[in-house]
Amino acid sequence: MPLIYVDTLDDARLDVFARLTEAQLRCKLEPERAVFIAESEKVIERAFAGGMEPISLLMEEKWLPAMAPLIAQMEERRRATAYAPARPATSALASQSTAGTSLAHLLDDPDSLPVFIAPRDELARLTGFELTRGALGAFRRPALPSVADVLEGARLVAVLEDITNHTNVGAIFRSAAAMGVDAVLASPACYDPLYRRAVRVSMGTVFQVPWTRIGELDVPNRPGEGTWSAEGIDQLHELGFTCAAMALSDDSITPDELAGLLTEREAATGAPAKLALLFGTEGEGLAPATIDHCDHTVRIPMAHGVDSLNVAASSAVAFYAFRHLSQLGR
């Protein structure tokens, strides 16, 4: 592995960590060249175990011994794929700046996994560096699979509508992984699960739970309008899913009541129950149009006059309530 000692974050090869914005990293115009950042040894390890392709690493020297076995695995996989068909070498991002050129070089070099070693006082200039536990990894952003592919064989899935808080997105993924949820679907206006804060809060579980977008990304999907849900929920129905809106409503039922209905339906039809739980953004919740398209509205019973939970907390409760459908119950 090539160890590259740098004295300053001003080195252009570190732009991917220090200067490129999330929008530049996502590179929507050329999604095959998009990048995301993983922070901390555990998250980097889970990203790699989840099949993500590393581009480069940045860390303090003291973390090198602990990271060495993982880096060796990365190098081995990189050598094994070094003779795969070449990706396009020309990039609009590369033509924009020196930063782009540096990133393009890293993306196009199959024979090297650069490991940058920087002094702590320089790394401390990175926003939130104390939370990274000394190591960062740049990975190639994978292409999103289709909804049908992600839901193949699934029985319990979460649908995140317009959740505009990266911490909540990451926390929901962590609960989904812990409770054995089969997949997560994100509406077009939902925040990016691969945004570095969402990845960090999830502790890397975004790489363990299959996920993709649902709804047409090219159609205007303003938060709170539920534009995606007309076709999106129809698609879930076609794939055999009962859709339950987690929302406060006069006609809502409890998770236990819905579980009973699903059990009765399963006994009557002989077909395994499949459930999609829909969660809305903090405050406004699910769009009325989305609730109207769902089969049931579900409310978690609460005491002491509490009428709602944070969406991340409510997702954990709901996932546990339907664990008999999840990987925990199979």
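Predicted model: local features only at pLDDT ≥ 70, side-chain atom pairs only at ≥ 80, totals over all residues.
View 1. Residues are numbered from 1 along each chain as its sequence is written, and side-chain values use heavy atoms, with hydrogens and water left out. Here R196 forms a salt bridge with E22, with 3.7 Å between the closest N and O atoms. R196 belongs to helix 10 (residues 196-201) and E22 to helix 2 (residues 22-26), so the pair ties together parts that are 174 residues apart in sequence. Helices (H or I, at least four residues) and strands (E, at least two) are DSSP runs, numbered from the N terminus. Both R196 and E22 are buried; buried means under 20% relative accessible area, exposed over 50%, and partly exposed in between (1.4 Å probe, protein chains only). A network of salt bridges links E22, E39, R196 and R200.

**View 2. The salt bridge between E266 and R155.** The two side chains meet at 2.9 Å, N to O. E266 sits in helix 12 (residues 255-269) and R155 in the loop between helix 8 (147-151) and strand 6 (156-160), so this pair ties together parts that are 111 residues apart in sequence. E266 is partly exposed, at 29% relative accessible area, whereas R155 counts as buried, at 17%.

**View 3. The salt bridge between E122 and R125.** The closest N and O atoms of this pair are 2.5 Å apart. E122 is buried, with a relative accessible area of 14%, and R125 is partly exposed at 46%.

View 4. The strands form an open sheet in the order 1-4-3-5-2, with mixed pairing; two strands pair if DSSP finds at least two bridges between them. Strand 1 (3-5) and strand 2 (35-39) are the edges, each with a single partner strand, so one side of each is left without a neighbour in the sheet. Look next at strand 1 and strand 4 (residues 115-117), which pair in the parallel sense over three bridges. In this pairing I4 stands opposite F116 of strand 4.

How values were computed
Salt bridge = Lys/Arg side-chain N within 4 Å of Asp/Glu carboxyl O.
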